[in-house]
Amino acid sequence: MSLLTFFTWCESSWIGQAIRDSRWLFPAIESLHLLGLAVLGGVVLAVNLSLLDLGLGRKSAAGLWREVRPWLVGSVAVMLGSGFLLFTSEAVKLYYHGAFWVKMGALFLSLAFTVTAQRRTALADPNHISPLRSRVVAVVSLLLWFLVGAGGRWIGFS
Amino acid sequence: MSLLEFCRWLENTPGSIALHESIWVYPIVESVHVLTLCVFLGLTVVIDLRLLGATLLATPVSQILRRFLPWTVAGFAVMVVSGALLFYAIPMKTYLNIFFRLKVAFLLMAGLNVAIFQRTASRTMAGWDHDPKPPFRARLAGGVSLALWAGIVICGRMIAYNWFD
């Protein structure tokens, strides 16, 4: 099955159809997507500020990472769930939309980077790794997430 | 001059027309408004969750406020400026929009919530700064803030849908 076939199938599914047919369902799911964004954005920012020795400071990064982990996982779940619902309502349009693919690529990289390099760096003893590594990790994470957000916003302009 | 007349006047100013008709500037201002949400509201959520005793329990409340408030204040400034520009681009329709009016009402209530917190629970913070679960008035301020900001985000999103025009 080609990707386009899958996208077409999503769009013609009853979920996609229900969201398209409803006046308020799409805006309601969009609002949920934005509320998830606020939580996810706040958690990502708090962690990255720590890695940059701003916010709660570099020494707090490991503790902060452990404390906000459920909020990070929860908000990503809300984002993926609501995002998928939005996707089903206009999947074929998105297939031909460059911003959608930029967003999906950046999302994959962001998540992969978060659970590998960023996690390791945040949990590492700050005395045993260079401040430069922490800073680079934070900047890369912020850039990747920014690309996800900007790509998402750009999907709306079409 | 009534608010309605003011909006009508604003709508016919060259700047408003230019912004309204711009191909790039308006979407960029809108993107800035949405993405700065992460800075302002994201860190406000972290602060509110700490007040509720839901995260960062080992960190004193005063420390979280001291470290994050400068970021939320800067983020809020960007939100106000970009939000004002979005209003400036479409004054009449926005002014008459029910969700815009609700959003403004919620914003005023959120401001009032902060003012009440500063005059009550915040005054005694030294006594509960390290508590994993702050006193009721502090938790109330955090919960009310979260609820109001959720309402503000939802109303903000709904302004773009012209259901009642």
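Student: At what angle do helix 3 and helix 7 of chain A pack, and how far apart are their axes?
Tutor: In this predicted model, helix 3 (residues 25-51) and helix 7 (residues 131-155) of chain A pack at an angle of about 155°, and their axes are 8 Å apart.

Student: Roughly parallel or roughly antiparallel, then?
Tutor: Helix 3 of chain A is roughly antiparallel to helix 7 of chain A because of that angle, the cut-off for this class being over 145 degrees.

Student: And is the crossing left-handed or right-handed?
Tutor: The crossing of helix 3 of chain A with helix 7 of chain A is left-handed.

Student: Which residues make the contact?
Tutor: Helix 3 of chain A contributes A:Val44, A:Asn48 and A:Leu51. From helix 7 of chain A come A:Ser134, A:Arg135, A:Val137, A:Ala138, A:Ser141, A:Leu142 and A:Trp145.

Student: How do the residues of that contact divide into nonpolar, polar and charged?
Tutor: The contact of helix 3 of chain A with helix 7 of chain A has 6 nonpolar residues, 3 polar and 1 charged.

Student: Changing topic: where is A:Leu72 found?
Tutor: A:Leu72 belongs to helix 4 of chain A, which covers residues 61-89.

Student: Why is A:Leu72 classed as partly exposed?
Tutor: A:Leu72 is partly exposed because 19 other C-beta atoms lie within 10 Å, and a buried residue needs 20 or more.

Student: How far apart are A:Leu72 and A:Leu123, in sequence and in space?
Tutor: A:Leu72 and A:Leu123 are separated by 51 residues in sequence. In space, the distance between them is 15 Å, taken C-alpha to C-alpha.

Student: Now chain A as a whole. How many helices and strands does it have?
Tutor: Chain A has 7 helices and 0 strands. Its order of elements from the N terminus is α-α-α-α-α-α-α. The C-alpha trace of chain A spans about 55 × 30 × 25 Å along its principal axes.

Student: What percentage of chain A is buried?
Tutor: Of the 158 residues in chain A, 39% are buried. Among contacts in chain A with a separation of 6 or more, 76% join residues 24 or more positions apart.

Student: How many helices and strands are in chain B?
Tutor: Chain B contains 8 helices and 0 strands, running α-α-α-α-α-α-α-α from the N terminus. Its C-alpha atoms fill a box of roughly 55 × 30 × 25 Å along the principal axes.

Student: What are the buried percentage and the percentage of contacts between residues 24 or more positions apart in chain B?
Tutor: Buried residues account for 30% of the 165 residues in chain B. Residues 24 or more positions apart make 81% of the contacts in chain B with a separation of 6 or more.

Student: How many residues does each chain give to the contact between them?
Tutor: Chain B gives 25 residues and chain A gives 23 residues. On the side of chain B that touches chain A, helix 3 (25-51), helix 4 (61-89) and helix 8 (136-159) of chain B each supply at least two residues.

Student: Which helix of chain B supplies the largest share?
Tutor: Helix 3 of chain B supplies the largest share of that side, with 12 residues. By class, the side of chain B that touches chain A comprises 19 nonpolar, 4 polar and 2 charged residues.

Student: Last topic, confidence: what are the mean pLDDT of chain B and the ipTM of the complex?
Tutor: Chain B has a mean pLDDT of 95, with 99% of its residues at 70 or more. For the complex, the predictor gives an ipTM of 0.93 and a pTM of 0.94.

Terms used
Residues numbered from 1 in each chain as written. Chains lettered and ligands numbered in written order. Predicted model: local features only at pLDDT ≥ 70, side-chain atom pairs only at ≥ 80, totals over all residues. pLDDT = per-residue confidence, 0-100. Helix = DSSP H or I, 4+ residues; strand = E, 2+ residues; numbered from the N terminus. Buried ≥ 20, exposed ≤ 12 C-beta atoms within 10 Å, placed from the backbone. Contact = placed C-beta atoms within 7 Å. Nonpolar A, V, L, I, M, F, W, Y, C, P; charged D, E, K, R; others polar. Axes fitted to C-alpha atoms, helices over the stretch in contact; angles between N-to-C directions. Parallel < 35°, antiparallel > 145°, perpendicular 65-115°, else oblique. Left-handed = near helix turned anticlockwise from the far one by under 90°.
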